[in-house]
Amino acid sequence: ASSFARMFVQVCLYFYCKCLWRCLKFVVRKLTGRCELQRICYNTKPGAARTMKIEASLKGSKSKRLQTSVSVHPDAIEKTIDDIMELKRINPDINPQLGVSLQACLLQIVGYRNLIAEVEKLRREPYDSENLQHEEMLLKLWKCLKPNSPLKARISKQWCEIGFQGDDPKTDFRGMGLLGLYNLVYFAEWDTEIAQQVLSDSLQPKYSQFSKAEWEKKKFDKAIGYSFAIVGINITDLAYNLLVSGALKTHFYNVAPEAPTLTHFQQTFCYLMHEFHKFWIEEDPLDIMEFNRVREKFHKRILKQLQNPEMALCPHFAASESLINM
């Protein structure tokens, strides 16, 4: 009985707040002469703060046309803007900037949804050793990371040198599919110097509080802590979850003036790899068994940063210089 009463109160409160909110919006529109979309566009600066408010306003509208406007095809955005202006009885000749602002927001909103679909497609596509394109990408990864060490055979223990678990990397891509390979190749190709440095660091012996002599005497077989390629696939999973959960909207809406693309996602992966490497060194874990703890702590740190509507994950390396200048 008590749970039913509690649920009844919650339902009543929900409808009361919803009606109160609609009444408040009606009063504010009458007083200001502007609808909620106008007030957001005119009172909030461009970027995540504005786009996320516009997205929430459209999704929360009682109009089905406004609700579905966040999921239209990119080619239909201009027509959608016209529909919104007509529905809200806004004269586009008197409010030309409103249409421009709404279009920029919708491009970001629709683009983010499409990016999730594109990333999901790559994640679901398994690595196929019979696919020439897949094989070429894998070999490119080796060449970028180990340009002075030719790969002696396609199936080789050499793959362990860049952090794969066995002599055939294809088995390590099961969790993230082609997405893991795409990200690793992008990092190695466009941020080669940093990727090579991270790889080199990950292979260095870890002496921690012991001297090198003490470490060797105790026969501790520890490295700085991780396998480069495996961690890259794991950080791909982290980036994927940030994307799907919507946490990356803050970053993408602040750095992509229009629709965020796969390149934006890959640049974000580069940033996360770089930052995780620094974070791992700061945390100074004893060994790889602490990986999940450190990863979870790093994940929470990134999530906290992304709660700031003005946050842009601004990397400091070549692949993302274009983002910094936007």
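Start with a loop: select aspartate 284, which sits between helix H13 (262–283) and helix H14 (291–306). Helices here are DSSP runs of H or I with at least four residues, strands are E runs of at least two, and both are numbered from the N terminus. Aspartate 284 isn't a glycine, yet its phi is positive, about 50 degrees. Most residues other than glycine have a negative phi. With a relative accessibility of 40%, aspartate 284 counts as partly exposed; buried means under 20% relative accessible area, exposed means over 50%, and partly exposed is in between (1.4 Å probe, protein chains only).

Before going further, a word on what you're looking at. This is a predicted model, where local features need pLDDT of at least 70 and side-chain atom pairs count only at pLDDT 80 or more, while totals for chains, interfaces and linings use all residues. Residues are numbered from 1 along each chain as its sequence is written, and side-chain values use heavy atoms, with hydrogens and water left out.

Now jump to arginine 89, in the loop between helix H5 (77–87) and H6. Arginine 89 is another non-glycine with a positive phi, about 55 degrees. Buried or exposed: which is arginine 89? It counts as exposed, at 77% relative accessibility.

Zoom out and show the whole chain. You'll find 15 helices and zero strands. Of the 326 residues, 45% are buried.

Next, colour by pLDDT, the predictor's confidence in each residue, from 0 to 100. The chain's mean is 86, and 83% of its residues reach 70 or more. Select residues 27–31 and you're in a stretch with pLDDT below 50; beyond near neighbours in sequence, it has seven contacts in the model (a contact means heavy atoms within 4.5 Å). Residues 218–223 also stay under 50, and the model has 12 contacts for them beyond four places in sequence.

Next stop: select helix H6 (residues 96–124) together with helix H8 (residues 177–190). Their axes come within 3 Å and cross at roughly 105 degrees, so H6 is roughly perpendicular to H8. The axes are lines fitted to C-alpha atoms, for helices over the stretch in contact, and the angles run from 0 to 180 degrees between N-to-C directions. Angles under 35 degrees count as roughly parallel, over 145 as roughly antiparallel, 65 to 115 as roughly perpendicular and the rest as oblique. Show the side chains of Val119, Leu122 and Arg123 on H6, then Gly177, Leu178, Leu179 and Tyr182 on H8: these make the contact.

Stay on H6 and pick serine 101. Serine 101 is buried, at 7% relative accessibility. Which residues does it touch, leaving out those up to four places away in sequence? Cys41 and Arg50. Follow Cys41 to helix H2 (residues 36–43), where six of the eight residues are buried: Glu36, Leu37, Gln38, Arg39, Ile40 and Cys41.

Last stop: tryptophan 142, in helix H7 (residues 132–145). Its relative accessible area is 2%, so tryptophan 142 is buried.
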